[in-house]
Amino acid sequence: MFSFKDAMRSASESKGTNLVLALDLVDQNPRSLAARSIRITEDVAPYICALKLNRPLILKLCLEEGIKDLLKLAHEHELMTIMDAKLNDVAHTNLATATQYFEAGFDALIASPFVGWEGGLDSTFKEASRRGKGMILLVYMSHKGAAEGYGQDVVDARTGHSRPQFVLFAEKAMTWGADGVVVGATQVDKLSAVRGILQGKVPIYSPGVLVQGGSPKEAVKAGADYLIVGRAIYNSENPKKSARSIRDEATSNHEPT
Ligand code: XMP
């Protein structure tokens with residue numbers, strides 16, 4: 001079966017872009033929110049390879065209504081779709097949540113490795129694999145406070161040695177067969193370290209460019225395969241032009257995993 005990882009690579013190569021649009025629009029009115037979501041997705045579709053949605057949009061548009069239509073539109077534009085669920089619960093509720101996202105049409109989900117494998121993410125990974133869907137793991141987030149969790153030194157239960165949490169998470173991504181990891185673009189040293197562990201076997205998705213301070217070019221140089229970009233595109237006066245120029249900057253030295 002064509003895996004999510006392969007489908008992302010193919011979408012990225014055929015469209016000539018490694019940008020993932022984070023469509024985090026906010027509007028009190030669901031109708032105008034849906035209309036704006038559709039307009040921006042259509043405008044920037046030629047310059048992105050995937051659409052990433054987050055819970056604020058899902059809460060307002062509803063999975064069974066506006067979101068399904070948006071996912072269908074994304075697929076018509078040959079975009080992969082990612083739900084930024086940051087799954088972080090026990091197995092049965094992770095599985096029930098993931099199943100709803102998959103059935104609505106999402107191609108992949110983001111999950112938090114803090115919850116662990118057994119009785120945590122095990123059944124969701126198995127279900128994703130059964131359906132040909134992708135699982136992407138958080139490895140180092142882009143905000144400052146990420147240092148408190150992802151950046152802390154912890155004792156590796158296998159060896160008894162102290163190691164950075166994010167390094168163990170990158171190793172788990174390999175062991176668990178993840179289809180991607182998220183590493184913030186705000187700390188390029190973490191991107192390079194994770195790249196060194198994954199050796200190109202698991203692609204790196206990197207949020208945190210531009211508005212959060214990261215540089216698209218530096219992030220790609222340090223190892224990011226895909227860049228997740230939100231406000232710098234949808235809040236700009238001309239989302240299409242912004243997406244095109246970020247795409248040009250990001251792809252000038254891009255070779256997807
Ligand atoms: P901006 O507007 O800053 O949006 O370009 C970034 C998008 O990425 C999400 N985000 C993250 N998602 N791990 C994630 O899984 C992260 O470290 C991270 N940092 C930002 C954010 O929710 C938004 O959609």
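**Ligand shell.** I started with the ligand and found 17 residues around it, the closest being Asp24, Lys52, Ser142, Gly230 and Arg231; a residue is near a molecule if one of its heavy atoms lies within 4 Å of it. I am working on a predicted model, where local features need pLDDT of at least 70, side-chain atom pairs count only at pLDDT 80 or more, and totals for chains, interfaces and linings use all residues. Residues are numbered from 1 along each chain as its sequence is written, and side-chain values use heavy atoms, with hydrogens and water left out.

I sorted the shell by class and got eight nonpolar, four polar and five charged residues. Here Ala, Val, Leu, Ile, Met, Phe, Trp, Tyr, Cys and Pro count as nonpolar, Asp, Glu, Lys and Arg as charged, and the others, Gly among them, as polar. Strand S3 (80–87) and strand S10 (226–229) each give at least two residues to this shell; strands (E, at least two residues) and helices (H or I, at least four) are DSSP runs, numbered from the N terminus.

**Polar atoms at the ligand.** Which distances did I note? Arginine 231 has a polar side-chain atom 2.7 Å from a ligand oxygen. For asparagine 54, a side-chain N or O atom is 3.0 Å from an oxygen of the ligand. For lysine 86, a side-chain N or O atom is 3.3 Å from a ligand nitrogen. The protein covers 91% of the 510 Å² of accessible area that the ligand has on its own (Shrake-Rupley method, 1.4 Å probe).

**Aspartate 156.** Next I looked up aspartate 156, in the loop between strand S6 (153–155) and strand S7 (162–164). Is aspartate 156 buried or exposed? It counts as buried because its relative accessibility is 5% (buried is under 20% relative accessible area, exposed over 50%, partly exposed in between; 1.4 Å probe, protein chains only). Its side chain makes a polar contact of 3.0 Å with that of arginine 163 (a pair of N or O atoms within 3.5 Å; within protein, one must be able to donate a hydrogen and the other to accept it, and residues adjacent in sequence count only if both atoms are side-chain atoms).

**Positive phi.** Most residues other than glycine have a negative phi, so I noted two others. Cysteine 62, in helix H3 (residues 55–76), has a phi near 70 degrees and is partly exposed at 33%. Glutamate 78, in the loop between H3 and S3, has a phi of about 60 degrees and counts as exposed at 55% relative accessibility.
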